[in-house]
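Colleague: I'd like to learn how to read a model like this one. Could you walk me through it?

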Amino acid sequence: MNNDGIVWEVLNNQFCSYKVKTDVGNLCRHPHNLTGRCNRRECPLANSKYATVRETAGRIYLCLKTAERAHIPSKQWERIELPKNFAQAVEVIDSNMQYWPKWMIHMCKQRLTKITQYLIRMRKLKLKNKSTLVPIKKKLERRERTREVRAEAAARLDQSIEKELLERLKSKAYGDQPLNVNEAVWKEILEGDAVEAESDVTTEDELEEENEYEFDKAKDPFAHEFVSDDSDLENDGEDMEDLLGMSASEFSSAEDEDEEEEDEGEYESGSDDEMSEDSDAADHSDKRAKGKRAASSAPRQKPTKRTKKHGPRVEIEYETEAVAKDNMLTNW
Amino acid sequence: MNNIATSEIKNKVKRGQVYEKQRIEKGKVKRLRRKELKKEEAENPELREARLRENVPTTQENTREFDEAVVADADDEVVKEEEEDEFAQYFNGQAPKVLVTTTPKAGKQTVNFVKELVSIVPNLEYVKRGSKFALQQIIQFCKNREYTDLIVVTEDHKEPTHVTLIHLPEGPTAHFRLTRIKGGKEILGHARATSHYPELILNQFSTRLGHTVGRMFAALFPQVPEFQGRQVVTFHNQRDYIFFRRHRYVFKNSKRVDLQEIGPRFTLKLRWLQKGLYDPVNGEYEWLYKADLETSRRRVFL
């Protein structure tokens, strides 16, 4: 009934479904195989006395097969659970395989070592954070990208930042002597506060006469708010003088010399038309010479203000910026 | 000819020509109307004010869906809660100490981004990430060394894609998507950063969640800025996108402030917020982005 020789003959020479032929040699796929090699000595089918170590669900078992149970295939293997402690497990193997062949005991222990090691490694890996693959959803990405662009446009970042900063400055969040503000600007703000306070008082009083008086006083700061060119403010009084009493030649002398030369013919006409002539001259100059304009200095700001009424091409900003830069150089 | 509607002209070329004429005519009328309006309003500024008052365009912002999480300006409950939250210590004067690291084997672009971060946040230290320790271990190390925040930049295809911001020692942890990074040097006419502590602007963080996120950002920076540096760091929230910008400013006069960008720019979008320290398995999510949440573009969470 139990002839190992015949079994091996069949497996070796005819067919074995566990056998794998490789360049290295023949290997065995049988789960009870102790070493994984295919030969007469290590074949779990062709040996009625056989031992191996197996792992199932993290537990290690010593499996023994003896000729005495060969007639009951369902109980052929004796399965002994090995303790988790490696040294104790080795002892169990030794005690259960006392008179077994030396090489088989040795192989079992080797297999036990290998299994214990990979179990340890498995547990360690379980503790580590695993990186998970997350699908990139193309449609979602695209939607978020476009929405981001639109949100950025709606945010008006520069404006909102500027607004916030000015608010902080005006609410005195930077303290009484701020380090991040030019002295002139800080004075301007303090003055603005004072004016506001004054105007508040007057509205509370609601006396007509006083109101008129205060209004005159508050006229300058009021102008501060709505006139586009700031540097004009200081020259307001002079403007009035100009309008009232200045002759054409006097006025033109305040202007750029180059322009004066070019516009001489026009200026020579009578003093009655001076206003219209002036505006004309300014208009011409505006169209002609941008570069010169940029180089011109403070007194020339009056004509630019007039030209602004006529057309959009006014370079007021150049002038104010030039002034501001000078300030910066001296104060910063 | 006049009786036929333009759309019924059968010749395609002719039809096109007529349409073009109509378009130009329309534009002319419009321009004329605007010009007259402008003239009227120049004479009578009240008209302009009235028009601006009435003519408010509908935007996503002013048609936002009602959200009970939106915090009113003076909500005592929220103020008190915030006095006792995880960041309260920082707002009571504790100096921040921040560590930044990446995922293992970070690419060049990621490291460059981290370097930009180092220039932005004072007291920020970059430590190169080895592959030996898990993030949770690193968090422990940071706690032992009394760091107040830990930033982890995550990359994909060698590009930084996510930022995890962990407030120590007790959380919370926020995870952001990171997009549209533009380094300082790529910005045209950029300014140079100085080592002064920057000012901070947190714009439009309106809900409870938004407040938490805003406070997280605020807790990264030293509480008292050095104003002489005139540097301002902005986290602007618009429709849940958080735009980062850094500028140098100059007050030109009482009405005008000029900005020069220092850079970098980038955009963050919150993906999740965990209550405690980073814990991918058992962590309690205070808020987690799901596609289901996007029921409408007028629904905003921050």
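Modeller: Start with burial: a residue is buried if 20 or more other C-beta atoms lie within 10 Å of its own, exposed if 12 or fewer, and partly exposed in between, with C-beta atoms placed from the backbone. Arg180(B) is partly exposed, with 15 other C-beta atoms within 10 Å. Before going on, note that this is a predicted model, where local features need pLDDT of at least 70, side-chain atom pairs count only at pLDDT 80 or more, and totals for chains, interfaces and linings use all residues. Residues are numbered from 1 along each chain as its sequence is written, while chains are lettered from A and ligands numbered from 1 in the order in which they are written.

Colleague: Where is Arg180(B) found, and what is its phi?

Modeller: Helices (H or I, at least four residues) and strands (E, at least two) are DSSP runs, numbered from the N terminus. Arg180(B) sits in strand β5 of chain B, and its phi is near 50°, a positive value in a residue other than glycine. Arg239(B) also has a phi near 50°, but lies in the loop between β7 (231–238) and β8 of chain B. Arg239(B) is buried, with 22 other C-beta atoms within 10 Å.

Colleague: How do I read a helix pair?

Modeller: Two packed helices are described by the angle between their axes and the distance between the axes. Axes are lines fitted to C-alpha atoms, for helices over the stretch in contact, and angles run from 0 to 180 degrees between N-to-C directions. In chain A, α2 (residues 86–96) and α3 (residues 102–127) have axes that come within 10 Å and cross at roughly 155°. Angles over 145 degrees count as roughly antiparallel, under 35 as roughly parallel, 65 to 115 as roughly perpendicular and the rest as oblique. So α2(A) and α3(A) are roughly antiparallel to each other.

Colleague: Which residues of α2(A) make the contact?

Modeller: Two residues are in contact if their C-beta atoms, placed from the backbone, lie within 7 Å. On α2(A), Phe86(A), Ala89(A), Val90(A) and Ile93(A) meet residues of α3(A) including Ile105(A) and Leu112(A).

Colleague: And what about a core?

Modeller: In soluble globular proteins, nonpolar side chains tend to be buried together. A nonpolar core is a set of buried Ala, Val, Leu, Ile, Met, Phe, Trp, Tyr and Cys residues joined through C-beta atoms within 7 Å. The largest here has 58 residues, and Ile139(B) is one of those touching the most other members. Strand β8 (residues 241–251) of chain B provides its largest share, six residues.

Colleague: How many residues of chain A are in contact with chain B?

Modeller: 30 residues of chain A, facing 30 residues of chain B. α5(A) gives the most to chain A's side, with nine residues.
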